[in-house]
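Let's take a look at how one protein chain is put together. Keep the picture open as you read.

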Amino acid sequence: MKKRISKYLSGVLVLAFLAIAGTGCGKQADPKLESYKESMTEFYNKLSEYDSSINSIDPDSETAGDELLGVLDEMNQTYQNMAAIEIPDEFSGISDIAVEAADYMDKANEFYHQAYDGDFDSDSEMLAAQYYQRANDRVLIMLQVLHGEVPEGEGITVETESTYEISTIEDESTDGE
């Protein structure tokens, strides 16, 4: 069970280090912008902590499932908090993406609970992993924007009319709803 979740969380640690390395450079910015960057650095730091927590769970322990779900509950709350942060105009193009990330993490958490509360449900675990990947994909897009990069990757569209307009392609309806 831990290995399944850990596989999806391994990229989180890389994101956290990228976020830390990419902030704090350059000239003096406005306080709202600096506050947002600090909040996002804290967000990525928390994701790194969750990765460590999940990797430290003993999969043979009788409480492994409860421990894992506890960490995922905390992670979900962190995503919700991140989506509620006021995004400065410089990064307004990622506001919808932040909300999408939080929504997908919420669904992932819900399906992980269905998978691991009581009898194991592999279908719920598969759906949870898909939602979790979608949440992480959005977080990666946000990180690229925060670093001043034009987001790239499968399913990403950048509208050229405005530098603040960044969106993702709609997900297929095969997400279990």
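A salt bridge here is a side-chain nitrogen of Lys or Arg within 4 Å of a carboxyl oxygen of Asp or Glu. Side chains of opposite charge can pair when their charged atoms come close. Searching the whole structure turns up two salt bridges:

| Salt bridge | Closest N and O atoms |
|---|---|
| K46 and E49 | 3.6 Å |
| R138 and E100 | 2.9 Å |

A quick heads-up: this is a predicted model, where local features need pLDDT of at least 70, side-chain atom pairs count only at pLDDT 80 or more, and totals for chains, interfaces and linings use all residues. Residues are numbered from 1 along each chain as its sequence is written, and side-chain values use heavy atoms, leaving out hydrogens and water.

K46 and E49 sit three residues apart in helix α2 (residues 31-55), about one turn of the helix. Helices (H or I, at least four residues) and strands (E, at least two) are DSSP runs, numbered from the N terminus. R138 in helix α5 and E100 in helix α4 (residues 95-116) link distant parts of the chain, 38 residues apart.

Is R138 buried or exposed? It counts as buried, at 5% relative accessibility; buried means under 20% relative accessible area, exposed over 50%, and partly exposed in between (1.4 Å probe, protein chains only). E100 is partly exposed at 25%.

Helix α5 (residues 122-146) also holds A135, which is buried with a relative accessible area of 0%. Leaving aside residues up to four places away in sequence, A135 touches Y79, A101, Y104 and M105, where contact means heavy atoms within 4.5 Å.
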